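Hi,

Here is the structure for you to look over. My notes on what turned up follow below.

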Amino acid sequence: MKKIAIIGFGGAGYQAAKEARRVDPTATIDVYSDTNIGPYNPMLTTYYVKGAIPYEAMFPFGSLEQIVRDLNLNFFANKPVTGLDPAAKLLKFGDGTTAQYDKILISTGACAVMPPLKGIDLPGVFKMRTAQDAVALKDALDKGEIKSALVIGASWVGIKVVEDMVAYGVPCTLVDGAKWMFYVAAFEETAKRAQKDLERKGVTVACEQMLDHIEQEDNGQLTAVMQNGRRFTADSIAVCIGVRMNVGFLKDSGLEINRGILVDETMRTNYDGIYAAGDCCEAMDTQCKIHRNIGVWLNANKQGKVAGANMAGEHMEFDANVLVNLAHYLDYDFISIGDISTCGPDDDVYEYEDETYYIRAVRSANGIKCINVIGSADSNGLIKNAFVKAVENADADLDIQTRCFLQKKGFPDGFIDFLGGKSVD
Ligand SMILES: Cc1cc2nc3c(=O)[nH]c(=O)nc-3n(C[C@H](O)[C@H](O)[C@H](O)COP(=O)(O)OP(=O)(O)OC[C@H]3O[C@@H](n4cnc5c(N)ncnc54)[C@H](O)[C@@H]3O)c2cc1C
């Protein structure tokens with residue numbers, strides 16, 4: 001009987017277990033988690049904080065007990081894996097014990113980066129990644145302990161925490177070290193519009209502010225002191241400056257690791273029988289043909305499924321991995337698709353604005369590079385699929401169905417042509 005181990009039980013780990021069980025009903029599947037709770041969706045944490053969903057709704061696959069029963073898993077709670085010998089397929093645990101498997105999946109996700117700065121551990125400093133993070137912030141908001149807030153990091157997580165603060169009527173300032181909001185995905189023109197729109201909703205925004213340290217005032221408030229000396233004082237500070245892949249325990253294991261674990265299209269690592277999926281791995285980017293972590297829910301789930309099938313004996317591949325950043329907040333919707341860092345001054349630019357959309361897209365003779373769209377909430381999947389097709393075959397025009405869908409959604413012909421490969425005049 002095949003023995004499969006899954007390390008980490010988020011979206012990727014769950015889908016792997018489900019698929020492995022489908023393919024091989026008799027396999028032993030052991031799941032190791034560093035928590036005692038079931039798989040949840042971290043992107044729902046901020047929805048729980050603002051009261052849009054109950055706590056249980058963060059767990060889209062049901063209760064842990066039900067999952068363990070339905071999939072016939074052995075679940076080891078609060079048992080973090082602390083080391084791995086990939087050649088021997090041996091897991092190591094903190095208590096000195098080990099366990100051997102035929103196939104192993106690493107699906108340990110990522111954690112919020114908290115830089116080792118003075119004051120970062122003060123009460124009132126929050127982060128946002130786990131269900132526990134959400135409970136802590138909601139608790140403080142519900143108790144009325146937060147009457148003003150500073151959010152550090154104008155990115156996908158930070159903007160959702162801003163939304164929470166606005167929902168509670170808490171005056172909020174958003175700061176970021178970069179030149180503009182959503183810096184790794186937004187063109188300056190897009191970001192300036194987003195900033196203005198956010199300020200119109202009462203949020204103060206300050207860019208080019210790098211955190212130096214945090215101080216506690218005599219009245220208990222916190223002051224974030226910036227490297228340029230500027231001071232921002234509030235009851236609470238949320239630090240949302242990025243994530244780090246949970247791969248530290250694999251140091252010296254021999255696995256190929258960049259920021260995340262490198263995998264091929266079957267989610268296999270450089271060792272036979274060892275797989276990785278989700279936020280802890282770097283799969284091949286279809287656009288740039290490099291390994292890249294694209295830490296989104298859909299990828300984690302698809303990659304987990306692919307790894308689960310392959311571990312259990314079926315062949316499955318993960319495809320179409322392109323950079324996507326999506327921010328939906330305060331009735332506002334911004335999506336960026338593609339690698340903005342590939343755009344240069346000689347590229348073609350398409351820009352469009354009406355009462356529904358702001359669109360900025362860049363392409364070169366070799367194909368489409370990056371698209372920013374504000375206002376396309378119900379068409380994001382469609383645009384992403386069209387982008388992927390355009391990347392996969394730069395010479396092929398968009399198919400008629402995609403063209404019709406985009407036209408129906410009110411996208412201008414100029415944008416559709418640009419996406420499909422026709423240069424602007
Ligand atoms: C606030 C927020 C907003 C987001 N918004 C979006 C969005 O709008 N759209 C989108 O697509 N994605 C979004 N995401 C990202 C998305 O949630 C993640 O990409 C996805 O959930 C990753 O799933 P995963 O299974 O790889 O990792 P995780 O869900 O992090 O699961 C990994 C699990 O492994 C455990 N673990 C770690 N180390 C060990 C160890 N050594 N041993 C055992 N267990 C271990 C962890 O505790 C965790 O339970 C957001 C995330 C956050 C936090």
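Which backbone nitrogen does the side chain of serine 148 reach? It is the one of aspartate 235, at 3.0 Å. That pair is a polar contact, meaning N or O atoms within 3.5 Å; within protein, one must be able to donate a hydrogen and the other to accept it, and residues adjacent in sequence count only if both atoms are side-chain atoms. Serine 148 is found in the loop between α4 (131-142) and β10 (149-152). Helices (H or I, at least four residues) and strands (E, at least two) are DSSP runs, numbered from the N terminus. Serine 148 counts as buried, because its relative accessibility is 16%. Buried means under 20% relative accessible area, exposed means over 50%, and partly exposed is in between (1.4 Å probe, protein chains only).

Some ground rules before the rest. This is a predicted model, in which local features need pLDDT of at least 70, side-chain atom pairs count only at pLDDT 80 or more, and totals for chains, interfaces and linings use all residues. Residues are numbered from 1 along each chain as its sequence is written, and side-chain values use heavy atoms, with hydrogens and water left out.

Domains

The domain assignment gives domain 1 (3-110 + 244-312), domain 2 (125-241) and domain 3 (343-420). Such bounds come from an automatic or database assignment. Between the C-alpha centres of domain 1 and domain 3 there are 34 Å.

The ligand

Where does the ligand lie? Domain 1 (3-110 + 244-312) and domain 2 (125-241) both give residues to the shell around the ligand, so the ligand lies between them. There are 31 residues around the ligand, and Ala12, Asp34, Arg129, Asp279 and Trp297 come nearest. A residue is near a molecule if one of its heavy atoms lies within 4 Å of it. Two helices, α1 (11-23) and α7 (297-312), each supply at least two residues of the shell.

By class, the shell has 15 nonpolar, 13 polar and three charged residues. Ala, Val, Leu, Ile, Met, Phe, Trp, Tyr, Cys and Pro count as nonpolar, Asp, Glu, Lys and Arg as charged, and the others, Gly among them, as polar.

- Glycine 11: a polar backbone atom is 3.1 Å from an oxygen atom of the ligand.
- Valine 81: a backbone N or O atom lies 3.1 Å from a nitrogen atom of the ligand.
- Arginine 129: an N or O atom in the side chain is 2.9 Å from an oxygen atom of the ligand.

On its own, the ligand has 1000 Å² of accessible area, and the protein covers 88% of that. Accessible areas come from the Shrake-Rupley method with a 1.4 Å probe; for residues, only the protein chains shown count as cover.

Cysteines

Cysteine 343 is partly exposed, at 22% relative accessibility. Cysteine 370 is buried, at 0%.

Backbone angles

Most residues other than glycine have a negative phi. Methionine 267 has a positive phi of about 70 degrees, although it is not a glycine. Methionine 267 sits in the loop between β18 (261-262) and β19 (274-276), and is buried at 0% relative accessibility. Leucine 330 is not a glycine either, and has a positive phi of about 45 degrees. Its place is the loop between β22 (324-329) and β23 (332-338). Leucine 330 counts as buried, at 13%.

Other residues to look at

- Alanine 17 is in helix α1. Its relative accessible area is 0%, so alanine 17 is buried. Alanine 17 and valine 68 are 51 residues apart in sequence, with 9.7 Å from C-alpha to C-alpha.
- Phenylalanine 182 is in the loop between β11 (172-175) and α6 (188-200). Phenylalanine 182 is buried, at 1% relative accessibility. Its C-alpha is 8.8 Å from that of glycine 153, 29 residues apart along the chain.
- Alanine 365 lies in the loop between β25 (358-364) and β26 (367-374). Alanine 365 is exposed, at 84% relative accessibility.

Best wishes
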